[in-house]
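Here is a short tour for anyone meeting this structure for the first time. Have a look at the sequence and the model, then read on.

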Amino acid sequence: MSEQLKPDPKRWTALIFIALAQLMVVLDATVVNIALPSAQKALGISNGDRQWVITAYTLAFGGLLLFGGRIADLWGRKNAFVVGLLGFAAASALGGAAVNPAMLYGARALQGAFGALLAPAALSLLAVMFTDAKERAKAFGVYGAIAGAGAAVGLILGGVLTQYLNWRWVLFVNIAFAVVAVIGAVMYIHEPATGRNRNRLDIPGVVLASAGLISLVYGFSRAESDGWTSSVTIGLFVASVVLLAAFAFVESRVRAALLPLRVVTDRNRGGIYLSLGLAVIGMFGLFLFLTYYLQQVQGYSALKSGFAFLPMVAGMIVGSTQIGARLMLRVRPRLLMAPGFLVAAIGMAILAQIKVDSSYAEVLLPGLVLMGLGMGTAFMPAMSLATYGVRPEDAGVASAMVNTSQQVGGSIGTALLNTLAASATTSWATSHMHTAADRTNPLLINEGAVHGYSVAIYVAMGILLLASVIAFTFLNAGVQNTGTRADGDESLEDIAIPVVAH
């Protein structure tokens with residue numbers, strides 16, 4: 001192998017800092033949740049407006065991901081990575097120092113915007129730095145574990161910081177993450193100079209995609225608060241369909257598309273985006289209901305409820321690094337993803353059996369472990385295959401689509417399953433609470449709430465089963481160590497620009 005074709009000797013050290021940045025972005029989707037009651041009280045945020053602390057982040061993140069991925073391809077992934085980290089840290093500092101609700105909402109929106117630049121840059125750096133099949137499997141195993149477990153880690157970290165410091169530290173802590181990751185990026189990340197997409201930016205595509213995704217995410221947010229049949233909710237969904245259809249039309253006509261349709265029309269990548277989005281719908285719904293169940297029904301503290309998710313985090317790490325990474329070089333991706341989602345669905349079925357007085361060891365523990373093992377096993381090949389065989393100049397936008405499917409899936413899951421749970425609880429109350437005394441009975445109130453959670457978790461289980469079917473039927477890629485795929489396309493190992501040794 002000639003000198004210029006040798007892989008970067010610092011790539012494994014670089015992986016540490018890429019993984020740290022990804023952890024910061026993923027856990028920020030949930031770390032604020034546990035601190036939200038404290039922030040609401042401190043800043044005088046009304047119950048009607050408190051959702052904006054979460055929604056401002058998800059709107060900017062979900063709406064700007066494709067734009068962020070294209071900027072990474074244009075500027076260079078390392079440059080986008082560093083700018084994203086610095087911007088995320090500055091926005092976090094602004095949010096931690098917030099003196100009124102508007103300042104906090106604005107800071108959260110800025111966090112989302114810089115996260116939309118940072119997340120696709122991190123994943124596409126892995127895609128161009130790790131081209132050997134065995135190394136790629138290990139690197140994406142680490143990344144997949146973080147992508148899957150980061151949200152649960154956020155619940156734990158949020159509990160620790162809120163209980164022992166105060167709510168502002170769930171934002172200030174990002175500064176430490178970002179500073180360490182920036183220093184590491186400057187010292188250890190060496191991206192190939194070639195492989196950038198230097199075509200002119202597709203401004204109509206940016207506007208249509210961002211507006212369409214923001215309408216979609218905001219539509220689900222309003223559905224949760226206003227109902228599915230409200231005129232605002234319906235209007236946002238209609239606008240989203242029109243804008244995204246116009247985006248697809250424009251992308252099929254322009255020469256330098258924001259999202260080249262070849263990225264999503266590829267059978268394997270399309271299957272990844274769809275199945276991963278569905279799986280995240282179920283997973284985020286689970287986080288929401290189990291957090292409520294543990295704190296409001298079982299009486300756990302914020303810290304204790306965060307640690308209750310640890311078995312799932314451990315399961316995800318084992319599933320991703322020990323099962324997924326080891327088997328990816330031996331079996332086809334669909335034979336990991338489909339069974340992985342199926343195992344996670346079985347875990348959901350166990351968790352759906354919760355009662356007001358359920359034992360953690362008998363119900364929650366086995367359900368969480370299976371959920372973690374299944375999702376970890378499925379996430380690992382999903383992250384790798386999403387950028388497998390993609391052209392180097394498309395790596396950023398292909399990575400952005402992975403994050404987009406997760407972000408939109410999380411928004412849909414929170415709104416859809418929360419609405420279903422509330423409806424099921426109302427129906428249960430109508431049939432079981434007949435007197436004024438019944439309606440103030442704490443036991444009956446908790447039983448109604450748990451019934452709603454159980455119904456929603458069963459729906460999440462069904463969504464995971466659908467994800468399993470889609471993964472099995474859509475994906476036809478071969479084992480990712482052969483250099484070719486089942487559809488005959490070149491693999492990333494054949495077409496990615498090699499990393500120059502430093």
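What follows walks through the core, a few helices and some single residues.

First, the ground rules: this is a predicted model, where local features need pLDDT of at least 70 and side-chain atom pairs count only at pLDDT 80 or more, while totals for chains, interfaces and linings use all residues. Residues are numbered from 1 along each chain as its sequence is written, and side-chain values use heavy atoms, with hydrogens and water left out.

Let's start inside. The largest nonpolar core holds 151 residues. A nonpolar core here is a set of buried Ala, Val, Leu, Ile, Met, Phe, Trp, Tyr and Cys residues joined through side-chain atoms within 4.5 Å. "Buried" means under 20% relative accessible area, "exposed" means over 50%, and "partly exposed" is in between, using a 1.4 Å probe and protein chains only. The residues with the most contacts inside this core are Leu-66, Phe-81, Leu-85, Phe-341, Met-371, Met-375 and Leu-464. Helix 10, residues 267-297, gives the most to the core, with 17 residues. Helices are DSSP runs (H or I, at least four residues), numbered from the N terminus.

Why does helix 10 count as largely enclosed by the rest of the structure? Because 26 of its 31 residues are buried. At its N-terminal end sits a cap: a side-chain oxygen of Asp-266 lies 3.0 Å from the backbone nitrogen of Asn-268. Just after helix 10 comes Gly-299, with a positive phi of about 80°. Helix 7 (residues 203-226) is likewise followed by a glycine, Gly-227, whose phi is positive, near 100°.

Here is how the end-to-end reach of these two helices compares with the expected span, which is 1.5 Å times one less than the number of residues.

| Helix | Residues in helix | First to last C-alpha | Expected span |
|---|---|---|---|
| Helix 7 | 24 residues | 33 Å | 34 Å |
| Helix 10 | 31 residues | 44 Å | 45 Å |

**Around helices 12, 13 and 14**

Helix 13 (residues 334-351) has 18 residues that should span 26 Å, and its end C-alpha atoms are 25 Å apart, which agrees. Its buried residues are Leu-336, Met-337, Ala-338, Gly-340, Phe-341, Ala-344, Ala-345, Gly-347, Met-348 and Leu-351. What covers them? The cover includes helix 10, helix 12 (310-327), helix 14 (360-385) and helix 17 (442-474).

Helix 12 and helix 14 also pack against each other, at an angle of about 35° and with their axes 6 Å apart. (Axes are lines fitted to C-alpha atoms, for helices over the stretch in contact, and angles run from 0 to 180 degrees between N-to-C directions.) Residues making this contact (heavy atoms within 4.5 Å) include Met-312, Gly-315 and Gly-319 of helix 12 and Met-371, Gly-372 and Gly-376 of helix 14.

Not counting residues up to four places away in sequence, Met-371 touches Met-283, Leu-286, Met-312, Ala-344, Gly-347, Met-348 and Leu-464.

Gln-111 belongs to helix 4 (residues 101-129). Is Gln-111 buried or exposed? Gln-111 counts as buried, because its relative accessibility is 0%. Its side chain makes a polar contact with the side chain of Arg-108, at 3.0 Å. (A polar contact is a pair of N or O atoms within 3.5 Å; within protein, one must be able to donate a hydrogen and the other to accept it, and residues adjacent in sequence count only if both atoms are side-chain atoms.) Leaving aside neighbours within four places in sequence, the contacts of Gln-111 include Asp-28, Tyr-57 and Asn-174.

Asn-403, in helix 15 (residues 395-432), is buried too, with a relative accessible area of 6%. Beyond neighbours within four places in sequence, Asn-403 is in contact with Gln-22, Leu-65, Ala-119 and Pro-120.

Tyr-188 is in helix 6 (residues 169-188) and counts as partly exposed, at 24% relative accessibility. Leu-15 is 173 residues away from Tyr-188 in sequence, yet their C-alpha atoms are 9.0 Å apart. Val-242, in helix 8 (residues 231-251), counts as exposed at 52%. The C-alpha atoms of Val-242 and Gly-212 are separated by 7.8 Å.

How values were computed:
Helices (H or I, at least four residues) and strands (E, at least two) are DSSP runs, numbered from the N terminus.
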